[in-house]
Amino acid sequence: MMPESEQLLQPRVVGNSDTPDRTENVFTPALDIYETPDGLVLEADLPGVSGNNLRVNVQGKVLEIFGKVCWPVPSDARPIYEEVRVGDFFRSFILPEEIDADAITAEFQNGLLRLVLPKQKRARPRRIEVKVVQPDQPTD
């Protein structure tokens, strides 16, 4: 059985009709997921993806990340040797129930996508203050 922290985001194998065409090069982005007291943070490495070619969707409890890789070659240049392949990045996850899908935020900088997936208010741990009540004092 997986520890609870590893069960928080489960990869989803099958995408929906908006997923990239599987006959093209489709890459799985390297990513890290970590848990904070307020929720989860997902960081995905998307080299070659620009902000214009990046899409993050949430439908129900499914989170999808799609990025189109574009490596521009000048129009007057002829590629001689290429190791970087053009294609798409795609990853899909089923969100756990405690994540507030409506409050997910995304930031993209220097090829790194950072998603903050907050827990719903009721799922966040909180400390309950205990009021200490003194017993009635005997009166003379």
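## A chain built from strands

Val26 stands opposite Asp88 in strand 7. Here a strand is a DSSP run of type E with at least two residues, and strands are numbered from the N terminus. The model is predicted, so local features need pLDDT of at least 70 and side-chain atom pairs count only at pLDDT 80 or more, while totals for chains, interfaces and linings use all residues. Residues are numbered from 1 along each chain as its sequence is written, and side-chain values use heavy atoms, with hydrogens and water left out.

### The overall plan

How many helices and strands does the protein chain have? It has zero helices and nine strands. Helices would be DSSP runs of type H or I with at least four residues. Along the sequence, the pattern reads β-β-β-β-β-β-β-β-β. The protein chain has 140 residues, and 29% of them are buried. Buried means under 20% relative accessible area, exposed means over 50%, and partly exposed lies in between (1.4 Å probe, protein chains only).

### Strand 7 and its partners

Start with strand 7. Two strands pair if DSSP finds at least two bridges between them. Strand 2 (residues 26–27) pairs with strand 7 in the parallel sense, over two bridges. Strand 6 runs antiparallel to strand 7, and seven bridges join them. Ile65 stands opposite Arg91 in strand 7.

Is strand 7 largely enclosed or left open? Six of its seven residues are buried, so strand 7 is largely enclosed by the rest of the structure.

Asp88 belongs to strand 7. The side chain of Asp88 makes a polar contact with the side chain of Lys68, at 3.3 Å. A polar contact is a pair of N or O atoms within 3.5 Å; within protein, one must be able to donate a hydrogen and the other to accept it, and residues adjacent in sequence count only if both atoms are side-chain atoms.

Val86 lies in the loop between strand 6 (62–69) and strand 7 (88–94).

Six bridges join strand 3 to the antiparallel strand 4 (residues 39–45). Tyr34 stands opposite Val41 in strand 4.

Glu107 lies in strand 8. Glu107 and Glu43 are 64 residues apart along the chain, and their C-alpha atoms are separated by 9.5 Å. Leu112 is found in strand 9. Leu112 and Val49 are 63 residues apart in sequence, yet 9.3 Å apart in space, C-alpha to C-alpha.

Asn110 sits in the loop between strand 8 and strand 9 (112–118). Asn110 is not a glycine, but has a positive phi of about 50°.

### Salt bridges

How many salt bridges does a search of the whole structure find? It finds three. A salt bridge is a side-chain nitrogen of Lys or Arg within 4 Å of a carboxyl oxygen of Asp or Glu.

Lys119 forms a salt bridge with Glu35, with the closest N and O atoms 3.3 Å apart. Lys119 lies in the segment after strand 9 and Glu35 in strand 3, so the pair ties together parts that are 84 residues apart in sequence.

Arg114 and Glu43 meet through their side chains in a salt bridge (3.2 Å, N to O). Arg114 lies in strand 9 and Glu43 in strand 4, so this pair ties together parts that are 71 residues apart in sequence.

Asp88 forms a salt bridge with Lys68, with the closest N and O atoms 3.3 Å apart. Asp88 lies in strand 7 and Lys68 in strand 6, so the pair ties together parts that are 20 residues apart in sequence.

| Residue | Relative accessible area | Class |
|---|---|---|
| Asp88 | 2% | buried |
| Lys119 | 13% | buried |
| Arg114 | 31% | partly exposed |
| Lys68 | 35% | partly exposed |
| Leu112 | 36% | partly exposed |
| Glu35 | 41% | partly exposed |
| Glu107 | 53% | exposed |
| Asn110 | 76% | exposed |
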